[in-house]
Amino acid sequence: MARQLTFDLALPSPTYDRADFVVAPGNREALAWIERWPDWPGPALALGGPRGAGKTHLAHIWAAMSGAEVIQGETLAGESVADLHDRVVRSPALVVEDGDRAPERPLFHLYNLVREAGGYMLLTATALPAHWSIALPDLASRLRAAPAIAVAPPDDDLLGSIILKQLADRQLHAAAGVVHYLVSHMERSGEAARRVVAALDRRALTERREIDRRLAADVLAELSEASRTAQEEEAR
């Protein structure tokens, strides 16, 4: 019987330190805007890109710089103007992840409150605000006037660099061809690279195996199966 990975014990929490961010052509402009703060031309900045492109990592880098609270757009549903005001008083700098999923009126009020407080807002979404379906004209005009930066998904070089850094951080050695194999077969995201290397580390240790292409294939197969099982359970 195949050994099952113990995901609840083995996967560490994501790390979003600036030192862990690997710079590449597809994210360099976005990082430059983050590090340019507070010298932004207005109170808001938007980052757009597919899942796994590194938007959340960038958002947390900025949150560490600015002291911003990180919230999900959907959590604004049902918040009154008074609730939003209290939120801005607590933290005049805010990250709104999945901003395109935020209800429009609360997001509009939040934007205005942040601006009035002299604060800042960073929004992330899969698409830039110019491509959001926004019914509220005043919200559309405000968001579309803000700088909007696209973040590209990791290319082969970036994904390989992330894997190599994760291996080096864990003081692991991979046999020739392993990184290329992983890049060619895994989900294309920095978070997936972290999960894969953590699983390789655990399985190499518990089974006393070399990190070679066979182990890499075994780990990718088990991670894929675990992901499918989780999706099926969530759909029930």
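Guide: One term before we start: contact means heavy atoms within 4.5 Å. Also, this is a predicted model.
Visitor: OK. Which residues of α2 and α3 meet?
Guide: From α2, they are A30, L31, I34 and E35, and they meet L58, I61, W62 and M65 of α3. By class, this contact has 7 nonpolar residues, no polar ones and 1 charged one.
Visitor: At what angle do the axes of the two helices cross?
Guide: Roughly 15°, with the axes of α2 (residues 28-36) and α3 (residues 55-66) coming within 10 Å. Angles under 35 degrees count as roughly parallel, so α2 is roughly parallel to α3.
Visitor: Is the crossing left-handed or right-handed?
Guide: Right-handed, as α2 passes α3.
Visitor: Now the sheet. What order do the strands take?
Guide: The order is β2-β3-β4-β1-β5, with 5 strands in an open sheet and parallel pairing.
Visitor: Which strands stand at the edges?
Guide: β2 (69-72) and β5 (148-150) do; each has a single partner strand, so one side of each has no neighbour in the sheet. On average, neighbouring strands are turned by 20° against each other, direction ignored.
Visitor: How many bridges join β1 to β4?
Guide: There are 5, between residues 44-48 of β1 and residues 120-125 of β4, and the two strands run parallel. L47 stands opposite T124 in β4.
Visitor: Which strands does α5 lie across?
Guide: Helix α5 (residues 104-116) lies across β1, β2, β3 (93-97) and β4. Its direction is at about 145° to β4.

Technical notes:
Residues numbered from 1 in each chain as written. Predicted model: local features only at pLDDT ≥ 70, side-chain atom pairs only at ≥ 80, totals over all residues. Heavy atoms only, no water. Pairing = 2+ DSSP bridges. Helix = DSSP H or I, 4+ residues; strand = E, 2+ residues; numbered from the N terminus. Axes fitted to C-alpha atoms, helices over the stretch in contact; angles between N-to-C directions. Parallel < 35°, antiparallel > 145°, perpendicular 65-115°, else oblique. Left-handed = near helix turned anticlockwise from the far one by under 90°. Nonpolar A, V, L, I, M, F, W, Y, C, P; charged D, E, K, R; others polar.
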